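Please report on the charged contacts and the metal site in this model. Keep it brief.

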Amino acid sequence: MGQTRSFKPRKPTKPVKVDNNKSAGDIVKELKGLQQGNSNNNYREQSLKIHGLICAKCGREFDVKNKNLLTVHHKDGNHDNNPPNGSNWENLCAYCHDDEHSRGILGDYLKGK
Ligand SMILES: [Zn+2]
Ligand SMILES: [Zn+2]
């Protein structure tokens with residue numbers, strides 16, 4: 001029989017690439033995100049990122065050292081309404097935020113009631 005068999009030499013199998021695109025930092029971020037879920041910290045960081053470290057009312061600027069004085073105000077007053085585009089957030093310094101609420105709501109908010 002004139003049958004010819006062609007054996008293709010097997011290429012050595014390369015080790016499967018293990019998602020090398022992710023940096024360690026990304027993974028840590030992911031893990032933290034999972035832990036925190038939709039917690040306050042999460043939307044706060046988002047809002048600061050979107051709107052910048054500046055008070056929307058008095059224009060006072062903040063930096064990484066004192067950004068804890070900058071708080072996130074929910075325009076509709078609903079702390080559970082956190083659209084990812086930041087449309088319900090306003091960054092207000094503690095003073096302006098207090099002013100904005102002036103009925104003691106913020107007091108409760110800051111005390112974590
Ligand atoms: Zn302010
Ligand atoms: Zn507020």
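Predicted model: local features only at pLDDT ≥ 70, side-chain atom pairs only at ≥ 80, totals over all residues.

Lys57 sits in the loop between H2 and S1 and Glu100 in helix H3, so the contact ties together parts 43 residues apart in sequence. Helices (H or I, at least four residues) and strands (E, at least two) are DSSP runs, numbered from the N terminus.

Lys57 also meets Asp99 in a salt bridge, at 3.5 Å from N to O. That pair links distant parts of the chain, 42 residues apart, with Asp99 in helix H3 (residues 94-101). Glu100 is partly exposed at 36% relative accessibility. Lys57 is partly exposed too, at 42%. Asp99 is exposed, at 51%. The cut-offs are under 20% relative accessible area for buried, over 50% for exposed, and partly exposed in between (1.4 Å probe, protein chains only). Through shared partners, salt bridges join Lys57, Asp99 and Glu100 into one network.

## The Lys67 contact

The structure holds 3 salt bridges. One of them pairs the side chains of Lys67 and Glu45, at 3.6 Å from N to O. Lys67 lies in the loop between helix H2 (40-51) and strand S1 (70-74) and Glu45 in helix H2, so this pair ties together parts 22 residues apart in sequence. Lys67 is partly exposed at 22% relative accessibility. Glu45 is partly exposed at 36%.

## The zinc site

Which residues are the protein donors of the zinc ion (ligand 1)? They are Cys55, Cys58, Cys93 and Cys96, each through SG, lying 2.3 to 2.4 Å from the ion. Donors are N, O and S atoms within 2.8 Å of the metal (3.2 Å for Na, K and Ca); water is not among the atoms, so sites may look incomplete. The sequence spacing is C-x2-C-x34-C-x2-C. Cys58 lies in the loop between H2 and S1 and Cys93 in strand S2 (residues 89-93), so the pair ties together parts 35 residues apart.

Cys58 is partly exposed at 46% relative accessibility, whereas Cys93 is buried at 2%.

## Conventions

Residues are numbered from 1 along each chain as its sequence is written, while chains are lettered from A and ligands numbered from 1 in the order in which they are written. Local features need pLDDT of at least 70, side-chain atom pairs count only at pLDDT 80 or more, totals for chains, interfaces and linings use all residues, and side-chain values use heavy atoms, with hydrogens and water left out.

Methods:
Salt bridge = Lys/Arg side-chain N within 4 Å of Asp/Glu carboxyl O.
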